[in-house]
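Here's a friendly walk through one protein model. Have the sequence and the 3D view open as you read.

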Amino acid sequence: MKDIMRAKCLISSEIETLINQQIKKEAHSSAIYLSMASWCNQHGYDFSSDYFFKQAEEEREHQLKFFKYVLDMGGNAISPEISDIKAEYNSFREVFEEALDQEIAVTQSIKNIAARCHKEQDYVTLEFLNWFFREQREEEYKARRALELFDVIGEEGTGRWQIDKHVGGISYTEG
């Protein structure tokens, strides 16, 4: 019966596995951003807290897009277990450094799925991934711009307050 089901699946078992791993990465990212939102809130960075709540929601949406895609293709989407979420940060800047690192890691993971799709000539999944590449370009841009505020504004005096105030206004417009 499993072989019959696999014949009806429009993605290979390798691609399905990679996408299920991506589902877990997106869920993990969402949980990390919730933790960052909590840390910012506890330290009085309300605008940054709101920013990370929005990021958490976006990552959850990404997780669900991948999840639904696997199901739509006849595969078995797996709801992941998430653990080991960092709750404490050494500084306001560290939160944003880790956010950028997280976005870069997600982009690399999606690139790995695309590389496998190229190898298998899975053009349907490649087309699906294009949306995520555009999204990651935006996410990395916003994360870099937020981190750049620390260098442009500086953290001394009211610097952290100014950074917090400006984080929510960062936007990306395709050129």
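Which residues of the largest nonpolar core touch the most other members?

## The largest core

They are M36, W39, C40, F52, F92, V95 and F96, out of 24 residues in that core. A nonpolar core here is a set of buried Ala, Val, Leu, Ile, Met, Phe, Trp, Tyr and Cys residues joined through side-chain atoms within 4.5 Å. Buried means under 20% relative accessible area, with a 1.4 Å probe and protein chains only. At least two residues of this core come from each of α2 (13–42), α3, α4 (92–120), α5 (123–153) and α6 (159–167), and α2 gives the largest share, 6 residues. The helices are DSSP runs of H or I, at least four residues, numbered from the N terminus.

There's also a second, separate core of 19 residues, with I19, F66, M73 and A114 among its members.

## How to read the model

This is a predicted model, where local features need pLDDT of at least 70 and side-chain atom pairs count only at pLDDT 80 or more, while totals for chains, interfaces and linings use all residues. Residues are numbered from 1 along each chain as its sequence is written, and side-chain values use heavy atoms, leaving out hydrogens and water.

## Rings in a cluster

Now pick out the aromatic rings. Ring pairs join Y33, W39, Y45, Y51, F52, Y89, F92, F96 and F150 into a cluster. Rings of Phe, Tyr and Trp (its six-membered ring) pair if their centres lie within 6.5 Å; planes under 30 degrees apart are stacked, over 60 edge-to-face, and the rest tilted. That rule gives 16 aromatic pairs. Y51 and F52 are edge-to-face, because their planes sit at 75°, with the centres 5.1 Å apart. Both Y51 and F52 are buried.

F96 and F150 make a tilted pair, 5.6 Å centre to centre with 50° between the planes. F96 is in helix α4 and F150 in helix α5, so this pair ties together parts 54 residues apart in sequence.

## A buried glutamate

Is E26 buried or exposed? E26 counts as buried, at 0% relative accessibility, and its place is in helix α2. Contact means heavy atoms within 4.5 Å. Setting aside neighbours within four places in sequence, E26 is in contact with E59, H62, Q63, F66, V106 and I110.

## Cysteines

How many disulfides does a search of the whole structure find? The result is 0, a disulfide being a pair of cysteine sulfur atoms within 2.5 Å. C40 is buried at 0% relative accessible area, and C117 is buried at 0% too.

Conventions. Buried means under 20% relative accessible area, exposed over 50%, partly exposed in between (1.4 Å probe, protein chains only).
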